[in-house]
Amino acid sequence: MHSGALNATARHDARQDADCNRILAFDIETTGLDAGRDLITVAATYDGVRATAYRFVELDENGLLRYAADANDKMQQFCTALDRAPYLAAFNGVRFDVPFIVRAFKLPDEQGAQWVLKCLDIFEVCKAVRSRTFGLNMLLALNGFDAKTGSGANAVVQAQSGQFDELEAYCVD
């Protein structure tokens, strides 16, 4: 009887793991708030097992940020990951990340709409239910998780100074 209980628990855990892999969390870092002018520097995805960072920018010969030569390939990989995921999770992804991605990458509005329809966005839920918003670090602290290691403002500075490894680490964090 005891081994049956263990097997039931193992089946339940495996089912939870399979469900976790159906949700793809994502985040982007940008050089500002205007998708028509600013760049997406880094994006990250996390499927419950593996985190993946996509860097889109490099510094040119004058030390200015620009999209890298392989940016289109990275954009395609990132967008394909979002397209293939049955569900997405983000923090302020519905109002900021998805519209910014669509505009900056010149994607069809329909593609962005599909992402929004399958996106679980706690920021949006709280805004709708409580008519309030809050910071991600507050949400993390309330749920017993460590705070993020930096801020969006730091991410802009990291990109502009070519600290791309640190920027990727922040985005994945």
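Mentor: Helix α8 (residues 164-172) lies across β1, β2 and β3, and runs at about 45° to β2; helices (H or I, at least four residues) and strands (E, at least two) are DSSP runs numbered from the N terminus, and axes are lines fitted to C-alpha atoms, for helices over the stretch in contact, with angles from 0 to 180 degrees between N-to-C directions.

Trainee: What should I know about the model and the numbering?

Mentor: This is a predicted model, where local features need pLDDT of at least 70 and side-chain atom pairs count only at pLDDT 80 or more, while totals for chains, interfaces and linings use all residues. Residues are numbered from 1 along each chain as its sequence is written, and side-chain values use heavy atoms, with hydrogens and water left out.

Trainee: What order do the strands of the open sheet have?

Mentor: The five strands follow the order β3-β2-β1-β6-β7, with mixed pairing, where two strands pair if DSSP finds at least two bridges between them.

Trainee: And which are the edge strands?

Mentor: β3 (51-55) and β7 (119-121), each of which pairs on one side only.

Trainee: In which sense do β2 and β3 pair?

Mentor: Antiparallel, over five bridges; T45 has T52 in β3 as its bridge partner.

Trainee: Switching topic, what does F78 touch?

Mentor: Leaving aside residues up to four places away in sequence, F78 touches F26, I28, A43, A44, T45, Y54, F56, I101 and F105, contact being heavy atoms within 4.5 Å.
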